[in-house]
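Dear colleague,

Please find below the structure I am handing over to you. My findings follow after it.

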Amino acid sequence: MITKKYTDSGPGLLKIPVSFETKQMKVLVVSGFLGAGKTTFIKTMAQCSGQDFCILENEYGEVDVDTALLKEETENINVWEMTEGCICCSMKQSFASSLLTISGALDPEYLIVEATGVGLLSNILANISQIEYDRIVLLRPVTIVDAGTYFYYQNKFDTTFQDQIQAAGTILLSKGEHMSVRELEEIRRDLRRMNPAADIVTEPYSEKPFRWWKDLLSAGMDGRKISAPGKESSAGWENIGLRNVRLSSPEELLYLLWEAISGNLGAVVRGKGILPCGKEWLRFDITDSRFSITGTEPSKESSVVFIGMQLKKNQIRRSFQFRISSEQDCDQSDRK
Ligand SMILES: [Zn+2]
């Protein structure tokens, strides 16, 4: 018998979802010129909000040393990169399919898109809204503006710079700590002139309270509130479902399942999956603190699901190899 839903009324009544009920992935685009501090902002947001993030970086046209830092310093974050072109113009198609694959394969609550500094924010938003449907929802975008170079960029890169400001829902001024109130007010007035509707923050965002981050992560494009971040059910049950995953050997699966029942991936109470582990396809089940592994026929799609409390979602994601590319469904070579 196949059960599609699980209840949150306690471990005894928990049913494993066989087909996924994909959660809505909320997409926050963070834009800003190179050096404005996009990476620092994303890092701060991850720390201050404590939410489940994956990050997609588009680093076209800039050499960003921050990426390596972000990966190293924020252990609980998954970072994916698109470096071959600009997601506002040349990579529309692969950008769209990447969003869909990430939503399906990694199942994050939030995907933060760190836009290239040279990209037009309005184009990026337009590209996402073309694929926006019940699985993906756009949040009000954030633009980071370096206070120190504001008037210089305003004159020098007028089109891109102004587009990033005009299309923003929230504008955050960075590096304004050492500027006078008068200087900051002058920038604020100029920002207001270009974008009368945006929330403009000139004080350091790192001092903002939890409530502010929560609002930032729940404001839709039209200002309407999208379901607030937080626990997924009142009882605290969570689940994560991943697709297109693989492991390099059966031993790796064995190790992973030991980790799961030892509590190293959070309090996993149920788990289920079918995936290739090296040359063979295996099926596993976790029930309370036991697991079983059996061999199985190759399947069209690999998938795993974990249910429990305080799941270490990014650690779980990192335990698997993914195929995040538009070609993933064409590659049949290793499925025999
Ligand atoms: Zn572009």
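This is a predicted model: local features need pLDDT of at least 70, side-chain atom pairs count only at pLDDT 80 or more; totals for chains, interfaces and linings use all residues.

Helix pair. Helix 3, residues 92-106, packs with helix 4, residues 121-131, at an angle of about 55°, and their axes are 10 Å apart. Angles from 65 to 115 degrees count as roughly perpendicular and those under 35 degrees as roughly parallel, so helix 3 is oblique to helix 4. The crossing of these two helices is right-handed. On the side of helix 3, the contact is made by Lys92, Phe95, Ala96, Leu99 and Leu100; helix 4 contributes Asn127, Ile128, Gln130 and Ile131.

Five strands form an open sheet with antiparallel pairing, in the order 9-14-11-12-13. Its edges are strand 9 (238-243) and strand 13 (290-295), each of which pairs on one side only. Direction ignored, neighbouring strands of the sheet are turned by 15° against each other on average. Ile240 has Phe306 in strand 14 as its bridge partner.

Helix across the sheet. Helix 9, residues 250-261, lies across strand 11 (267-277), strand 12 (280-287), strand 13 and strand 14. Relative to strand 12, helix 9 runs at about 10°.

With kind regards

How values were computed:
Residues are numbered from 1 along each chain as its sequence is written. Axes are lines fitted to C-alpha atoms, for helices over the stretch in contact, and angles run from 0 to 180 degrees between N-to-C directions. Helices (H or I, at least four residues) and strands (E, at least two) are DSSP runs, numbered from the N terminus. Angles under 35 degrees count as roughly parallel, over 145 as roughly antiparallel, 65 to 115 as roughly perpendicular and the rest as oblique. A crossing is left-handed if the near helix is turned anticlockwise from the far one by less than a right angle, and right-handed if clockwise. Two residues are in contact if their C-beta atoms, placed from the backbone, lie within 7 Å. Two strands pair if DSSP finds at least two bridges between them.
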